[in-house]
Amino acid sequence: MKRWEGWIFCFGILIVLFTPLTHAQAQQNMSENTEACLSCHSQLHPGIVAEWKKSRHANTTPMEGLKRPKLERRVSNEKVPSVFLKNVVGCAECHTMNAEKHKDSFEHHGVKVHIVVTPSDCATCHPIEVQQYGKNLMSHAYGNLNNNPVYRSLADEVNGIKSFEKMKITFRFPDLETQLDSCLYCHGSEVKVKGKRSRKTSMGEMEFPILSGWPNQGVGRLNPDGSKGSCTACHTRHQISIEMARKPYTCSECHKGPDVPGYPVYEVSKHGNIASSLGKAWNFDPVPWKVGNDFTAPTCATCHVSLLVNENGEVIAERTHQMGDRIPWRLMGLIYSHPHPKSPDTSIIKNKGGLPLPTELTGEPVMQYLIDSKEQEKRKMAMQKICLSCHGQGWVEGHWARFENTLKTTNEMTLTATKILLTAWEKGAANGLAQKDSIFNEAIEKKWVEQWLFYANSTRFASAMAGADYGVFANGRWYLSKNIQEMLDWLEFKLQTLPGKKGKK
Amino acid sequence: MKRWEGWIFCFGILIVLFTPLTHAQAQQNMSENTEACLSCHSQLHPGIVAEWKKSRHANTTPMEGLKRPKLERRVSNEKVPSVFLKNVVGCAECHTMNAEKHKDSFEHHGVKVHIVVTPSDCATCHPIEVQQYGKNLMSHAYGNLNNNPVYRSLADEVNGIKSFEKMKITFRFPDLETQLDSCLYCHGSEVKVKGKRSRKTSMGEMEFPILSGWPNQGVGRLNPDGSKGSCTACHTRHQISIEMARKPYTCSECHKGPDVPGYPVYEVSKHGNIASSLGKAWNFDPVPWKVGNDFTAPTCATCHVSLLVNENGEVIAERTHQMGDRIPWRLMGLIYSHPHPKSPDTSIIKNKGGLPLPTELTGEPVMQYLIDSKEQEKRKMAMQKICLSCHGQGWVEGHWARFENTLKTTNEMTLTATKILLTAWEKGAANGLAQKDSIFNEAIEKKWVEQWLFYANSTRFASAMAGADYGVFANGRWYLSKNIQEMLDWLEFKLQTLPGKKGKK
Amino acid sequence: MKRWEGWIFCFGILIVLFTPLTHAQAQQNMSENTEACLSCHSQLHPGIVAEWKKSRHANTTPMEGLKRPKLERRVSNEKVPSVFLKNVVGCAECHTMNAEKHKDSFEHHGVKVHIVVTPSDCATCHPIEVQQYGKNLMSHAYGNLNNNPVYRSLADEVNGIKSFEKMKITFRFPDLETQLDSCLYCHGSEVKVKGKRSRKTSMGEMEFPILSGWPNQGVGRLNPDGSKGSCTACHTRHQISIEMARKPYTCSECHKGPDVPGYPVYEVSKHGNIASSLGKAWNFDPVPWKVGNDFTAPTCATCHVSLLVNENGEVIAERTHQMGDRIPWRLMGLIYSHPHPKSPDTSIIKNKGGLPLPTELTGEPVMQYLIDSKEQEKRKMAMQKICLSCHGQGWVEGHWARFENTLKTTNEMTLTATKILLTAWEKGAANGLAQKDSIFNEAIEKKWVEQWLFYANSTRFASAMAGADYGVFANGRWYLSKNIQEMLDWLEFKLQTLPGKKGKK
């Protein structure tokens with residue numbers, strides 16, 4: 001071996017070691033249409049093109065994906081149409097897919113392009129995931145809010161405009177833009193084609209569709225091809241990185257506030273601490289995801305979505321995009337915690353009182369719409385199997401017993417608040433259901449909402465994930481208790497000062 | 001050198017460079033018992049076994065540890081029993097240690113195994129740390145809450161269940177599971193053996209103890225061997241990584257909420273910003289921890305626990321697990337800030353008013369239980385020596401003068417709130433000490449609690465660590481001021497509407 | 001090539017690859033004065049010396065910096081005085097610069113040293129940045145708070161001490177230390193030399209200036225050389241790393257609380273998620289900063305400060321330290337959102353009502369002090385050009401339309417709150433402008449402040465950066481609506497219980 005030979009192969013080795021997959025080969029497999037897209041758009045939108053280039057989509061073909069052993073496959077359609085098999089998944093593949101179904105398709109340099117890539121488009125390669133997601137509550141997040149009169153009314157009360165004149169507040173319903181900026185950001189919008197417009201571009205005058213409800217990447221988006229949902233809510237464009245979807249920051253986009261405190265609770269849990277402290281050495285990319293080897297504490301995705309295996313490659317949990325699969329109880333967003341609903345479309349539910357709620361106002365579950373205890377047990381076992389990867393049986397059972405006790409006690413504290421509210425309605429201190437008034441617009445009603453939407457929720461999440469203070473002073477039991485006292489104080493003051501009721505107590 | 005020789009040694013070098021300590025040698029030194037544990041448990045609990053394999057415990061023997069120069073030692077017992085010297089610290093070493101003392105020991109494949117590893121077990125190799133920790137307030141966190149009637153009553157008010165009937169609230173004391181899910185998560189539980197049970201396992205029918213108060217890793221846990229505390233509260237199982245204990249996320253598990261806002265304040269401090277922005281290049285593992293070389297801004301552990309040296313290896317701060325060593329003032333959790341208590345057991349304290357508090361209700365410190373100004377000065381100097389590693393004398397003195405002024409002003413704002421409360425009690429607007437009623441159950445009492453437990457605390461932490469807005473609008477002075485106004489408003493409304501007291505002002 | 005030769009050059013290559021720039025060469029270019037500083041201070045303050053050694057300042061000379069192609073230059077003065085050209089920028093360069101102008105200069109081992117390094121000092125090499133920063137609102141943050149009677153009064157109400165005696169609250173103005181610990185931490189202090197003092201040091205007795213208003217790194221600091229601002233607010237001493245200034249944690253130091261929620265909103269935005277999930281692979285150091293190549297989602301600096309180029313090196317955005325350059329609307333800190341002010345000194349503004357505010361109390365902008373719609377359009381285009389690096393025109397326009405609608409609706413909700421307050425003043429339920437009372441000291445006034453300072457702000461930030469729940473339940477619209485109800489309730493209760501006004505409604 002001569003000196004220059006040594007130089008060359010040493011450098012060779014080093015280059016191989018330090019170079020991530022070169023894009024050279026990938027680009028050989030690019031479709032002509034995608035090449036055409038890139039010829040302009042890599043200048044116009046360098047950010048997303050760079051993201052895409054780092055993606056698996058840009059560096060593998062579906063055919064290569066299908067050659068992987070079954071458990072390692074990310075492509076769930078064994079019969080990907082042959083036209084897509086040999087090219088990497090580029091701009092054109094997604095943005096011209098199913099053009100005929102897309103009302104947002106438009107003629108663009110001789111190709112029918114659409115703006116909004118939808119689960120139906122993704123289903124070309126990932127049909128099982130899309131099908132599962134369709135059974136996920138999230139895919140119905142638009143309708144579950146908008147077609148449920150109680151939640152519609154809560155959203156209006158949050159987003160509507162109030163004016164004040166002569167000691168009276170008047171109310172104006174929220175405009176669409178406000179709704180899009182608010183609840184629908186996460187729940188998803190209805191994306192519709194309003195018309196077309198011509199615009200000058202660096203390539204000359206061109207025509208584009210005008211979309212309403214756009215931009216939006218909410219989980220329950222109604223798409224211009226008739227499909228529901230947005231894969232990019234979690235699998236962020238255009239890198240569509242599984243690493244990112246598995247990191248808790250993705251979930252934090254919608255699960256951060258006092259009504260949905262999943263992320264902040266996770267962050268201060270032991271699991272969150274391990275992930276923050278040691279996670280930089282973990283491998284978030286492999287499929288399947290190997291417990292212990294790839295990571296040593298769960299993120300949100302670990303427990304709720306991912307395909308997990310042990311050291312021997314034996315499956316601990318199947319991949320699911322129907323997240324309810326491992327969730328026996330519904331913790332959040334409803335007045336009381338209750339068994340998970342059967343259908344992802346919860347707008348069909350009606351309780352005995354005629355309200356579209358899965359429990360009565362006094363907490364009893366409306367069982368015909370909810371999973372039974374057998375199904376609950378099955379889901380609990382599926383989740384506990386994951387817990388048992390790191391914890392002993394006694395630990396796991398102790399944790400769950402405590403958690404289910406907390407579901408009961410938070411329901412009790414909500415019932416107490418509800419009874420105060422019902423008394424306020426009854427005694428005329430506030431206008432409620434009987435008066436056909438909004439049940440969310442008076443101060444005591446808002447406190448009631450916070451009892452379940454903020455404090456009971458937070459306490460339950462803290463219990464489920466061991467987030468300690470979120471069950472105590474950080475929107476937890478302290479507030480559950482304080483709020484009851486303040487509701488009663490409000491009621492007493494109000495009754496004292498009601499015209500003709502002074503002194504009555 | 002021939003081509004293949006070149007290949008081989010180049011790869012050799014690269015392998016050495018890229019391979020973390022191989023576990024090969026470690027596993028030669030594994031005890032037979034630990035090997036036996038792993039033969040099943042690496043299948044059953046791959047997560048924790050993988051964690052352990054990455055740990056120093058799995059890769060070094062106590063004997064190797066004892067050979068290190070004194071300052072570099074992590075083992076503080078120079079006389080580790082010889083039986084433990086030559087094996088790595090594996091499952092069996094910890095989970096069979098001191099079997100005779102452990103009420104949670106049980107027969108498991110011919111070995112006496114216990115579930116709960118305790119500070120007494122860890123003391124086999126780390127006696128100085130365990131001894132120090134025993135003098136730390138944290139080790140008494142269970143009793144300091146439960147054996148102090150004032151705090152016991154606060155906890156009950158937080159966790160108890162309230163019901164509403166006929167305009168009255170009734171109260172039910174919290175059950176044990178709720179307490180475990182709430183305050184005791186951080187304070188620690190009492191872990192007791194309730195009995196035994198037989199359970200089917202993949203290895204056949206086996207018998208296990210049933211524990212109450214389990215799971216728990218709270219800092220003041222009462223263990224089945226009679227010891228107090230849980231090393232794993234910070235040194236998370238089973239990697240027991242010093243890197244993790246030194247990262248602020250560990251402290252955030254219990255110091256995140258409005259009552260204990262250490263972590264959020266740190267996070268937005270200049271120190272926290274430096275750690276978040278540049279910390280990925282720091283070395284969190286070395287003992288001793290070299291200021292400047294290993295890190296350039298402190299984390300929680302830097303100031304409160306770690307052994308720090310300068311470039312020349314000269315000691316800046318001794319390691320301490322009695323965290324009070326560098327803390328002259330107690331900032332949090334009490335009605336007023338005051339000199340640090342002498343004993344970690346604060347349940348022994350009684351003020352002149354007969355309450356188990358380190359100050360009178362009006363703020364005067366109960367000095368016989370608290371460190372004197374000389375000891376305060378000593379601790380302040382110990383802390384300032386760390387500050388001076390990066391800051392000039394003028395900077396440090398300016399910072400501390402400002403901080404101590406804030407202790408005074410937050411105490412004043414708490415006194416004002418207390419006087420309003422005392423007036424409410426006196427005038428019959430609320431029931432307090434004289435009526436032998438809980439001092440935490442009425443709305444004005446809860447506001448009073450928030451004055452000191454949330455707002456004064458937050459303001460002091462913001463001052464101590466320069467967390468800016470946590471002393472202003474983020475639970476800081478804005479709320480200290482607003483809360484006083486609201487307490488007075490409440491009192492005035494209440495007095496106006498008290499039966500027979502209308503119009504009195 | 002013999003075996004030992006192979007060894008040597010293989011190691012050589014590896015060393016070069018794994019060693020960050022060695023400091024050897026840098027230290028050849030160190031000035032004698034800096035060497036003298038280090039001879040003691042590397043012992044005394046190892047932390048900051050280590051930081052500095054990692055800095056570009058310690059490893060490059062201005063002359064080397066000036067040789068870079070124009071767009072890559074970090075030194076904006078083409079005529080750096082020759083005395084500074086050939087040495088790295090060390091202790092002495094900054095801390096003895098412009099000694100004659102520095103009232104905090106003192107004799108130190110024969111050199112005139114000053115403690116507070118100021119923008120005027122930095123301007124030696126970075127004059128354009130300093131000049132731009134002088135036009136940034138931030139550089140006037142001290143005066144904009146202290147010379148504006150309305151904000152001065154708000155700050156006093158936050159920081160002042162309240163006492164309670166005989167059902168009355170009395171007020172004491174805040175001391176300087178409290179102000180420094182509170183608002184001025186971010187806004188900046190006035191640093192003044194109060195005198196000198198002699199102190200024993202390890203080098204013997206030495207004399208140092210005594211500074212008031214120190215320590216402080218607030219953005220609008222008034223410096224002892226007459227300059228305004230502190231570059232180290234963002235470019236943290238002594239590494240002065242551009243990486244750090246570009247990371248969002250830096251901004252979080254002052255933009256974290258409910259009044260300034262930029263960071264928390266960013267954190268849960270899609271952009272923040274991408275940065276948290278994938279940012280570890282980004283390059284935060286290059287100048288210019290190449291979109292897509294160096295990063296794939298913006299941080300705060302990307303949109304507000306940095307020089308951005310596309311793949312071809314074409315400029316997308318010029319570097320600016322006058323952050324208003326890309327900001328058409330002012331979102332935060334004021335009662336109503338309005339066009340950005342023309343001058344960074346906002347204490348000169350007066351509305352028709354005589355108040356130092358950029359809008360009337362009822363929301364109409366005071367246009368003579370504000371940029372016109374043409375300038376707004378220009379700034380909007382500058383910002384949108386950045387958006388367009390990754391987003392299509394329709395997306396960007398949709399986003400901005402929604403955002404500007406939110407400015408309107410949040411202004412409406414603030415107007416409603418203001419009208420309730422004005423009614424309270426008018427009906428004598430609270431004392432306001434007419435009574436020459438503080439407009440911030442009563443409960444309803446504090447609620448009014450929270451309407452704009454917390455909830456409207458938060459909703460606008462959530463809209464601007466797509467932070468979802470910060471516009472809904474996390475200090476967003478839910479509170480805008482609830483607060484109006486509570487203000488009215490307060491007013492009604494108050495009117496009911498006003499002496500001589502009972503029953504009036």
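Before we start, a definition for the symmetry exercise: copies are superposed by least squares on the C-alpha atoms of residues with pLDDT of at least 70 in both. Keep in mind that this is a predicted model.

**Exercise 1.** Find which rotation and which shift along its axis superpose chain B on chain C, and name the relation.

**Exercise 2.** Describe the side of chain B that touches chain C: how many residues, from which helices, and of which classes?

*Solution.* Start with the count: chain B brings 58 residues into contact with 61 residues of chain C. Then turn to the helices of chain B, where helix 1 (3-18), helix 17 (270-278), helix 20 (393-426) and helix 22 (477-497) each supply at least two residues of this side. Helix 20 of chain B gives the largest share, 15 residues. Finally, sort by class: this side of chain B has 23 nonpolar, 23 polar and twelve charged residues.

**Exercise 3.** Now do likewise for the side of chain B that touches chain A: which helix gives the largest share?

*Solution.* First, the contact draws 61 residues from chain B and 58 residues from chain A. The largest share of the chain B side, six residues, belongs to helix 4 (residues 46-54) of chain B. By class, this side of chain B holds 28 nonpolar, 16 polar and 17 charged residues.

Note on methods. Residues are numbered from 1 along each chain as its sequence is written. Chains are lettered from A and ligands numbered from 1 in the order in which they are written. This is a predicted model: local features need pLDDT of at least 70, side-chain atom pairs count only at pLDDT 80 or more; totals for chains, interfaces and linings use all residues. Two residues are in contact if their C-beta atoms, placed from the backbone, lie within 7 Å. Helices (H or I, at least four residues) and strands (E, at least two) are DSSP runs, numbered from the N terminus. Ala, Val, Leu, Ile, Met, Phe, Trp, Tyr, Cys and Pro count as nonpolar, Asp, Glu, Lys and Arg as charged, and the others, Gly among them, as polar.
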